[in-house]
Amino acid sequence: MNLSDIQRIAEEENEFQRAYKYRINVCCSSGCIPFGAFKVLKAFEDAVKELGVENICKVARTGCVGTCSIGPAVLVDPGEYLYQCVTPENVREIVQGHIVSGVPVTKYLYNNSGYFRKQRRLVLRNAGKIDPTRVQDYISVGGYFALAKCLSTMTPQGVIQEITNSGLRGRGGAGFSVGQKWGLVARAHNTPKYIVANLDEGDPGIFANRTLAEADPHAIIEGMIIASYAIDAQKGYIYIRSEYPLAIEALQKAIAQAKSMNLLGDNILGTQHKFDLELRFGAGAFVAGEETAILMSVEGRRAQPRPRPPYPANQGLWGKPTLIQNVETLANVPLIILNGGTWFKGFGLPNCTGTKCFSLTGNINNPGLIEVPMGITLREIVYDIGGGIPSGKKFKAVLVGGPSGGCLPESVLDAQIDYDSLKRVGAIMGSGGIVVLNEDSCMVDTARYFTDFCIEESCGKCTPCRAGLARVKDIFDKIATGEGELNDVDILEKVSEYIINASLCGLGQTAPNPILTTLRYFREEYIEHIVDKKCRAGICFKKEHKGDE
Amino acid sequence: MTTEDIRRAQLERVLKKNNYQKSALLEILHSAQEIYGYLDQNLLVDIAGSLNLPPSHVYGVVTFYSYFKMRKPGQHIVTACLGTACYVKGVKQIIEAIEEEFNLKVGGSTADGKLSLSLTRCIGACAMAPAVVLDDQVIGKATKEIVIERIRNVLAGERDESV
Amino acid sequence: MAENSMITLKIDGVQVSVLEGTTILKAAKDNGILIPTLCDLEGLTPYGGCRLCLVEVTGSPKLFPACTTPANSGMEVTTNSERLKSYRKMTIQLLMAERVHMCAVCVANDHCELQALANQLGVNHVVLERHFTREPIDSSHDFLVIDRNRCILCLRCVRVCDKIEGVHTLDLKNRSKDTEVIMDLDESWGNSCSCTGCRKCAKVCPVGAIYIEGEAITQTKHRDVAEFITARRNNR
Amino acid sequence: MSTTNTVIADCNSSSSSKVRVATVWLSGCAGCHMSFLDQDERIVDLAKRIQVVYSPLVDVKEFPEDVEVTLIEGSVANEEQLEVLKDVRAKSRVLISLGDCAVTGNVTALRNSWENSDKEVLERAYKSSEDLQAAVPNMVPKLLIRAKPLHEVVKVDFYIPGCPPSADLINYVLTELLAGKTPNMEGKAKYG
């Protein structure tokens, strides 16, 4: 295989697809399957045959369209007609109307232009459009062209330069410059070098990476191979949550396809470059998403982070230089290589380029997976894309950045999505979760819930996170059962500040964020709980639920 | 060959496939749990011996990750998602209802060993919160009535036809 | 090797010269500046868990554990600012509040590093409500006893067992606040097949969690055992 | 803290009256009081400057008003002590936790590990360890579920940990307070 082979496959595939006038994309991702996506897929295949249109209409199984609240979702091309809540019963009607008669069946269409208008889909460019189980589909939309370009016309330094130019920053949370990181690993003397792709999305309420892997696994793999060429790594691991069976299956299949097409292995595309890829499965530990903990886990150990320095760029897996990158970051790479860093800079903000995927959930009209340009405001996300709060309830807060993000009120909804602005209002980018809360939520209880989560997931290595969070929980228990004292608020603040500064890893360093932001924006609720023994949402002061395992 | 022999042979294949590498411990534990249903002490001794790892190391790894189970699970497993979206949408009430209805506690099983209840931190089905998983099937936008009915059906031995 | 070259840095305003690769903790100690620590012990692999040895490095907003951070040329280190002092007090408080640390009834009374640091740093009371654990004391071994209610999870015992004695009887189970030191497959110590009874865990334990039955604590505690053995091995 | 000190300094300046000092014995073994007495001949000097207005060592039944300095030994373990402590706090200008039981709970708090420790500990003391007429007496004040250090109940001004606390430290703190200074506790505390 070489570049011309890839071009040939793309042409053949395009030729093949042009033969069809229509393409019916049935979303078969984790969001739609529980609502019967596979049955709908089967129904379409049958209906197309029965109505004799199988020669002009292709039925494809695809990944997530992004509108997870209206599953199963079906996208009909050309024209991107999106059908919502399709059932096997109304499939025939849709085929009859849209394909046979050529008139879209409006009564089943998803009629919400706002949801997509402010989005910008780069990472999710192929999600819902290609069949993730067919590498030809990926190649037909320009897949692996970037890899071929790198291997045939670019030096490793050139690749790193292009990525640096693009201004791409790590999407895993901290937002470190990707080009700079690659440069560090490339310059490290020790060999062999490794790449670890982080797909350990342990945050509750977040499913962006899973959806990406389900919908477009080859984009991740191509990004990894390009990175391996840039830093001269020969072995890579994708560390994925074992709770994501569909994503695992998609990746396994994609790796096997890539291997069989000589996109992985020795002499990739006929060059000297060599790269092998394996999956490693997480086992239910949120902390394993941390940079040094993921290394421990890949090595088959307890995922306890270790202090940095030494940085993984110099001493990572088995003490060797290692590049650790979130899969969303990697999926951006082929685009940047194909179109150039300058093109990529056209999206987002000057100091924070590109887009970011978010899982938008909670009390909101249009939950789903969204991808927005950096610089969009929270208000636009909540109201324009999310469509506001359902059932006439009032907005209360939006949680940005997962369990260690911030709870932000109405007053800061005009904050932009970028690493620094979010930090300023007390939140973090995290791995991309936005949960909207309405007036029925108690902010003390919310902070308590996240603290519980972080306690459960703390690795237990360092004192601030292990012992500090446990004592914070004691205080929350006191407040929620009516035994709180005003002094407790000060203690909460003091201990939180200490945990942030003294903890070993990112988990402890961000765990008190929900506490500090709720204290900052919703302090009066704490005071109400303590002084008036009143919970305005009616959640606290009830019989204690001893739920956690 | 007994079931035990077959299982051991399966495990041996997994060990071999991973070249008895110490670093493949997590993969091997995953497979072992799939083969045996849970990880008991003898199994851990066996794996530790095969990989030439200290038993305490293996035990430490198994207990660190919440996915690994050292107790025999019930015949049917219901797992409630405690992710943020599910929490916000009131999964707590569903959990309480299951506990009450089937007389069991989170992390435990019913007296007859037919049903166990566990919690998970987010299955990524947040857009259809609250979500409850019943024997590998996700029940989205769950209510306590639906969940209890589905559990009753499963316990009564009916195949779940809703998917 | 490049590691043999000397580098110069400032610790608390004092110019010091150390071998490249030396940790800040060691560099400070060799120059008479003692940074408090509970998990670090010379001769063992640095752990960085207790967070007592955090120091400030000029130019970085972050704090660095002195026990794992190598001294760099030109670095300016502050080991005892007001902020660090208050954090250290908080760390000691949290450790004392985490399990049952009642000095008067502890075998290691007066020979305990946690107690000594509490006294030295002026932690004369614990603001946070204390938590009382109830782990059974394991005295099934012929002479070694572990009382996990006094454990501060510094992992000195685990590391000495692995690195110095080389048997790795000890490890940790669970995570977060439920983390505990275990023997083999969480067996009682008396049933542990791999334990050689070398006593090194008891010697290095900074508190009274592991001790030897019927032996005076002054006889047991030899916290420099790891340093001694490692030095001997390196010389050979 | 500054107001407390001025108060004591004021009392001190008017040589006519001695500083009113009290000591209280809650759940403890009286060892701290022994240590107080262990100030040896220094107690003679102290006696010239203070008046012990309430203490297990003197025969006063009611805790008086306007006490300058109160030293409290022992933890708060039952409901009666809870009342006493609140009353004492209200009537004292400076309150000092004396000894480990008052500062940490110490031996009296070891029962806190037990669930329902208030009941279990009585069962153990009066029933399971007795052969004859085993019964929990009903005149014992109701135990709190946990034995608490004083500062979990009221505001405490100074802490003198130790089991027992050293007589030197007790003397140092009292002398400093009488001289109108704030005792510097750094490095002087000693648990156990």
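**Contacts and confidence**

User: How many residues of chain D are in contact with chain C, and what makes two residues count as being in contact?

Analyst: On the chain D side there are 23 residues in contact with 21 residues of chain C. Two residues are counted if their C-beta atoms, placed from the backbone, lie within 7 Å. Helix 5 (100-104) and helix 6 (106-109) of chain D are the elements that give two or more residues to this side, and helix 5 of chain D provides the largest share, three residues. Both are called helices because helices are DSSP runs of H or I with at least four residues, just as strands are runs of E with at least two, numbered from the N terminus. By class, the side of chain D that touches chain C has 10 nonpolar, nine polar and four charged residues. Here Ala, Val, Leu, Ile, Met, Phe, Trp, Tyr, Cys and Pro count as nonpolar, Asp, Glu, Lys and Arg as charged, and the others, Gly among them, as polar. The model is predicted, so local features need pLDDT of at least 70 and side-chain atom pairs count only at pLDDT 80 or more, while totals for chains, interfaces and linings use all residues. Residues are numbered from 1 along each chain as its sequence is written, with chains lettered from A and ligands numbered from 1 in the order in which they are written.

User: Which elements give two or more residues to the side of chain A that touches chain B?

Analyst: There, 44 residues of chain A are in contact with 39 residues of chain B. The elements are strand 7 (276-281), strand 11 (355-362), strand 15 (433-438) and helix 17 (443-457) of chain A. Strand 11 of chain A gives the most, with three residues. The side of chain A that touches chain B divides into 17 nonpolar, 18 polar and nine charged residues.

User: What are the mean pLDDT and the secondary structure of chain B?

Analyst: The mean pLDDT of chain B is 90, and 96% of its residues reach 70 or more. Its secondary structure comes to seven helices and four strands, in the order α-α-α-α-β-α-α-β-β-β-α along the sequence.

**Burial, domains and pairing**

User: Why is helix 12 of chain A called largely enclosed?

Analyst: A residue is buried if 20 or more other C-beta atoms lie within 10 Å of its own, exposed if 12 or fewer, and partly exposed in between, with C-beta atoms placed from the backbone. Eight of the eight residues of helix 12 (residues 291-298) of chain A are buried, so the rest of the structure largely encloses this helix. Among them are E291(A), I294(A), L295(A) and V298(A). The buried residues pack against strand 5 (194-199), strand 6 (235-240), strand 7 and strand 8 (322-326) of chain A, together with helix 2 (25-36) of chain B. Just after helix 12 of chain A, G300(A) takes a positive phi of about 80°.

User: Where do the domains of chain A lie?

Analyst: Domain bounds come from an automatic or database domain assignment. For chain A it gives domain 1 (12-114), domain 2 (142-345), domain 3 (355-437) and domain 4 (443-532). The C-alpha centres of domains 1 and 2 of chain A lie 33 Å apart, and five residues of domain 1 are in contact with six residues of domain 2. For chain B, the assignment gives domain 1 (3-64) and domain 2 (76-155), whose C-alpha centres lie 30 Å apart.

User: What makes strand 1 of chain D count as paired with strand 2 of chain D?

Analyst: Two strands pair if DSSP finds at least two bridges between them. Strand 1 (residues 19-25) and strand 2 (residues 50-54) of chain D have four bridges, in the parallel sense, and V21(D) has V52(D) as its bridge partner. Strand 1 of chain D is also joined to strand 3 (residues 67-73) of chain D by five bridges, again parallel, with I72(D) as the bridge partner of V24(D). Strand 1 of chain D is mostly covered, with six of its seven residues buried.

Notes: pLDDT = per-residue confidence, 0-100.
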